[in-house]
Amino acid sequence: MVFMDNFIKRNKKIALELFYKMSKIRFTEEKIAEKYSEEKMRCPTHLYTGQEAIAAAVCTLLKRSDFVISTHRSHGHYLAKGGDLNKMIAEIYGKVTGCSKGKGGSMHLIDRRVNFMGSTAIVAGTIPVAVGLGLSIKLHKTNQVSCVFFGDGAVEEGVFYESINFAILKKLPVLFICENNRYSVYSPLKVRQPEGRNIYEMVKAMGCATDFGDGNDALGVYEKVKPAIESIRKGNGPFFFEFATYRWREHCGPNYDNDIGYRSEKEFDFWKKKDPLRLLEEKLLRSSVVKRKDIETIDENISQEVEAAFEFAEKSPFPEKDDVFKHLYNECAQ
Amino acid sequence: MREITYGQAINEAYMEAMRRDKNVIAYGLGIDDPKGIFGTTLGLKERFGEERVFDMPTSENAMTGVAIGASLNGIRPVMCHQRMDFFLLAMDQLVNNAAKWSYMFGGESSVPITIRLIIGRGWGQGPTHSQSLQAWLTHIPGLKVVMPAIAADAKGLLLSSIFDNNPVIYLEHRWLHNLKGDVPSGDFRVPIGKAQCLKEGKDISIISFSYMTIEALHAVEILDKKGISCDLIDLRSLSPLDWHTVFESVHKTKRLLVLDTGQASGSISAEIIARVCMKCHGKLFKAPLRIALPDFPTPTSFSMTKHFYRGAEDIVIEVMKLFGKNIKKEVLKIKKNFPHDVPGDWFKGPF
């Protein structure tokens, strides 16, 4: 704890940036949950509440020029990388002002401006794409990092192993972040992977540098991933992290679903006590370099940003009929 | 103009593309082995280096995703698989990612990748080494699909595919690699989506693509001598498909035969006949004809493949029947001094 307090004292700006990002994700997700029943956000939506520390810490370490690519549960990654909030909410509302012009919805976010390269809805589907971005970095010799976020379910897909293998083989600058939230929809880890085998150890056995950590501890994630990114930039090849975390709400949708019986209230309470946002807030306040007033100001600003984003989305027009038939191909001449 | 083989034409297209643009890379299982994918990739690694030309793990799905990712950052990957059948493992990356990337992100990104897939035939290639699944691919919006039949198009379409900003599936039939033809040198491109009339005629439209076009070329010569003049259209591209040329030909001849290298049901030939019936119904003198594979997997045995594939003789017989003339296969005697399960003396297997 002393170490963390010192960290905050030495890196006040970074600690506040982490808090800002996590709080922004939390406000956004909870606002979506609050307004989802209005039936204006008409697409499958996977909320990130409870997992914010991982996206915030990893993306704070990445540069704008580094690539991030993600999954169906990507709001947090998109926002942490600096993705445009207005465009994300408009996308979920199916508006033409959305980041994908209404064609993608919550599960297909993109913001090329900050090199958030896309998120898709097929489990493990973007892992090889991240490796391909890594290959392009190596070919262009640009010293960037390609980072991919995915869940514990993705580790069960064949393409995961194929991708890790190739990244190691070619020593590609890829940062693999596995957010182990213990469930694939309603299926717990124990029915999907043998007990006693750790994902990060299995990947280590493939020849990849790996590590494991508490995904609800933002400062801890930051401290662990920092040297890994430096190592990747030095040309030492990929790095894989497994971070333990927990999603608070249902797999897909705005509700809590502990009542339906696939996970226990006790388990949920355990993780809720480990709320990554409150844990960071406590540490910030305890460090004495951050005052409650600072926190309140940040939250107030975020609240306004989020309100404005929903207003922007609601006021934006829907795409036109002709828009259905655009963007099938890129027809720029070569 | 010089004559080179279809395989050499592919090699020339690679050389030209990689020379013009350092962002073009080439990979595939065995791409730099001593045989160089039936000769098509020989010399590439020596000339352009192992960073741009490399062998790969047997990971068709991930390596397709790798191509997609690299292409998002300015690389133009050309991937190759020695059989189309092997590529079925990669349908997820192809269909869910490559084909959709432009559309689902509202045109923010596109995926300029080229995937060469080779369709096998003969010497017992059998159920899993000879599938011709072009119809699967044309069913997916967002992909382009080309299937050149002659050497010049092999070069021109590969260059166009590599420099296209979209995912292009380039399908080549194994029996075409040794066929020679006139091929322009240099940066010669054939536009994707344009068919070519290989022989003009007035009595019947024969719509064909890939290897079946070679069988058709033999058949139209014989039919010409029998007094039936064929309009032979080689589609070259299946997606987008040059409907204008197809309809124009049918309007002229008022009869239609469609050839297909794949199984009949749910095929390209089925789509062509459907659209011709919808668009040119009143113009047709006769019901359209089709020659495609039976709806069975490919058998392996030498004795069975004889009854599985159809070729020039069948085309002649079907067309003559349409004109009320019956002719027996034996009478035709299309001379072949090699067994039915190889394209010529040059092919001794094993694949």
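A polar contact is a pair of N or O atoms within 3.5 Å; within protein, one of them must be able to donate a hydrogen and the other to accept it, and residues adjacent in sequence count only if both atoms are side-chain atoms. Keep that in mind for the tour.

You have a predicted model open, where local features need pLDDT of at least 70 and side-chain atom pairs count only at pLDDT 80 or more, while totals for chains, interfaces and linings use all residues. Residues are numbered from 1 along each chain as its sequence is written, chains are lettered from A and ligands numbered from 1 in the order in which they are written, and side-chain values use heavy atoms, with hydrogens and water left out.

**Stop 1: chain A**

Select chain A and switch to a cartoon view. You'll find 12 helices and 8 strands; helices (H or I, at least four residues) and strands (E, at least two) are DSSP runs, numbered from the N terminus. Along the principal axes, the C-alpha atoms fill a box of roughly 55 × 50 × 40 Å.

How does the radius of gyration of chain A sit with that of a compact globule? For 334 residues the globule value would be near 20 Å, and chain A has 20 Å, so the two agree. (The radius is taken over C-alpha atoms, and the globule rule is 2.2 Å times the number of residues to the power 0.38.)

Now pick helix H12 of chain A, residues 292–315. Show the side chains of Glu311(A) and Lys315(A): they are 4 residues apart, about one turn of the helix. They form a salt bridge, with the closest N and O atoms 3.1 Å apart. A salt bridge here is a side-chain nitrogen of Lys or Arg within 4 Å of a carboxyl oxygen of Asp or Glu. Over all chains, that rule gives 42 salt bridges.

**Stop 2**

How many residue pairs are in polar contact between chain A and chain B? The count is 19, with both residues at pLDDT 80 or more.

Zoom in on one of them: Lys101(A) pairs with Glu108(B), their closest N and O atoms being 3.3 Å apart.

**Stop 3**

Chain B has 13 helices and 14 strands, and its C-alpha trace spans about 60 × 45 × 40 Å along the principal axes.

Colour residues 2–183 as domain 1 and 196–332 as domain 2; these bounds come from an automatic or database domain assignment. The C-alpha centres of the two domains of chain B lie 27 Å apart. Together they bury about 2000 Å², 59% of it on carbon and sulfur atoms.

Across this domain interface the rule finds 1 salt bridge. Select Arg236(B) and Asp153(B) to see a salt bridge whose closest N and O atoms are 2.9 Å apart. The two domains of chain B also share 10 residue pairs in polar contact, both residues at pLDDT 80 or more.

**Stop 2: two backbone details**

Still in chain B, go to the loop between strand S12 (237–239) and helix H9 (243–253), where Pro240(B) lies. Is the peptide bond from Ser239(B) to Pro240(B) cis or trans? It's cis, with omega near 0 degrees.

Finish at Ile37(B), in the loop between strand S2 (24–28) and helix H2 (44–48) of chain B. Phi of Ile37(B) is near 45 degrees, a positive value in a residue other than glycine.

Methods:
Buried area = accessible area lost by both parts, 1.4 Å probe.
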